[in-house]
Amino acid sequence: MQAKPRILIVGRANMNLILFMDDIPSAGKYSVEKNYEYIPGGSGINTALMLSRLGIDTILSAKIAKDTHGQILVNFCRENDIDTRFIAADTKQRTGLETVFVTERDTNRSVIYPGANEKLNASNVEYALTSLPDALLLNLSSPAPALSNAAIIAYSKKIPVFVNATKCGKISFPLEELIETELFITDEEGVFNFTEYKELKTNTYIPICLALTKKTKAKHIVILQKNDAVLLYTSPYHYIFSPPCEAEIIDPSTASDAFAAALIWEYYLRRDISKACTFASIIQTMTVAGKGGASSIPQISDIPEFISRKNINYQFLPDINSASRL
C-alpha cells in the first residue's frame, strides 16, 4: 500500500460569521433577523478540508492570532485531520474574519477582515516546507512574499505547484514569480485582474489563456466562469465543460475553493485533466448548496450518492492507493 500523498496548503484561516437575512437593509435602516452562525473558513482551511476529506494528508501553513477564534480554527483543523504544526500565531493582530450576508432575495455579499492572515511571511512557509510535502497548493489570497518564497523553494526541490487564484479580489501578485506550475486555477475576476482583458467570451478565450500561460508557465489553465461552466486550456487546445447538473444555490462563497481542491485531487492522482474538470464541477455544484465556510465542504460519502441521484456520467474512484499520481 502506498503512503498517502502529502499536500502543503498555503492560505487564509478565517472565522466566518454567516448572517441569514430576509433582506439587507438600506442605509439608515435596520432589520431584526433570526439566525447567525460562526463557521471556520478561508481559502487555506477550505482547500485543506476538501483535500483531507478526499483522503489526502494535508498540512496547513497559515497565520492566526492568539485569540478565541484562532484557537477554535486550530481545534477544527485537528478534528478534521489537518496538520496544524505550521499554523503560526501573531500576537498583535486578530484572527481573520469574513462576514457573509446570506439572503433569499439578493446575491450574497461578504466583507473580509484579513487580520493575522496578512502577516504570513516567507519564513513561515519556508518552515512549513520542512514537512517534505509531495505537492504544494498556493492560495493567492495570502501575502505575495510568502507565496513567492514557497514557489521558489518548491521549484528547487522539484515539488509540483498548484495555484488557486479564485476569489482573490484585486490582489497585486507577480505571477511571473511562480516559475512553473502544474495547474493555474482562476475565475472571471482573476482573469480581469491578471490580464488586460475585461471580458471572457469566445473570441477572448485563447488570448486570455495564452497571457496567463506566459505569466505562470502552467501546464494547464482552468477558469471557473460565472455561469459555472469551466474553461480548460491545454496548449494548443481549449475545451468548455458545462455544469454537470442544475445547482441549488444557497451560499456560493466556498465553492471556488472546493472546486480548486477537487480539481487538484483528481489531477494529482490520475493525471487526467478532463476528468479532473468534471469532478471539480460536481464538487462545486454540491458546495453551493451549503451554508458557507467549512460547513459547505462535502463529506466523501456524500459524493457517490449525489452523482447517482443527479444521474451524472462520472465514475468516482475514492481509492487513492490505486492511482498513478504525478
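Biologist: Which helices and strands each supply at least two residues of the lining of the largest pocket?

Modeller: They are strand 7 (96-103), strand 8 (109-113), helix 5 (188-194) and helix 7 (255-270). Helices (H or I, at least four residues) and strands (E, at least two) are DSSP runs, numbered from the N terminus. Helix 5 gives the largest share of this lining, 3 residues. The model is predicted: local features need pLDDT of at least 70, side-chain atom pairs count only at pLDDT 80 or more, and totals for chains, interfaces and linings use all residues. Residues are numbered from 1 along each chain as its sequence is written, and side-chain values use heavy atoms, with hydrogens and water left out.

Biologist: How many residues line the largest pocket, and which lie nearest its centre?

Modeller: Rolling a probe the size of a water molecule over the atoms shows where empty space is left. A pocket is an open set of points on a 1 Å grid over the protein atoms alone, where a 1.4 Å probe fits, with protein on both sides within 12 Å along at least five of seven lines; lining residues have an atom within 4 Å of a point. Here 25 residues line the largest pocket, and Lys167, Asp187, Pro252, Ser253 and Ser256 lie nearest its centre. The space in this pocket is about 710 Å³.

Biologist: How do the residues of that lining divide into nonpolar, polar and charged?

Modeller: Ala, Val, Leu, Ile, Met, Phe, Trp, Tyr, Cys and Pro count as nonpolar, Asp, Glu, Lys and Arg as charged, and the others, Gly among them, as polar. The lining of the largest pocket has 8 nonpolar, 8 polar and 9 charged residues.

Biologist: What volume does the second largest pocket have?

Modeller: Its volume is about 390 Å³. This pocket is lined by 28 residues, with Arg12, Ile112, Ser141, Lys167 and Cys168 the closest to its centre. Strand 2 (14-21), helix 1 (43-53) and strand 8 give two or more residues each to its lining. The lining of the second largest pocket divides into 7 nonpolar, 15 polar and 6 charged residues.

Biologist: Where does aspartate 22 lie?

Modeller: Aspartate 22 is in the loop between strand 2 and strand 3 (35-41). For accessibility, buried means under 20% relative accessible area, exposed over 50%, and partly exposed in between (1.4 Å probe, protein chains only). Aspartate 22 has 48% relative accessibility, so it counts as partly exposed. C-alpha to C-alpha, aspartate 22 and glycine 55 are 38 Å apart in space, and 33 residues apart in sequence.

Biologist: What share of the residues of the chain count as buried?

Modeller: Of its 326 residues, 57% count as buried. The chain has 9 helices and 14 strands.

Terms used:
Grid points are joined across faces, edges and corners, and a volume is the space filled by probe spheres set on the points.
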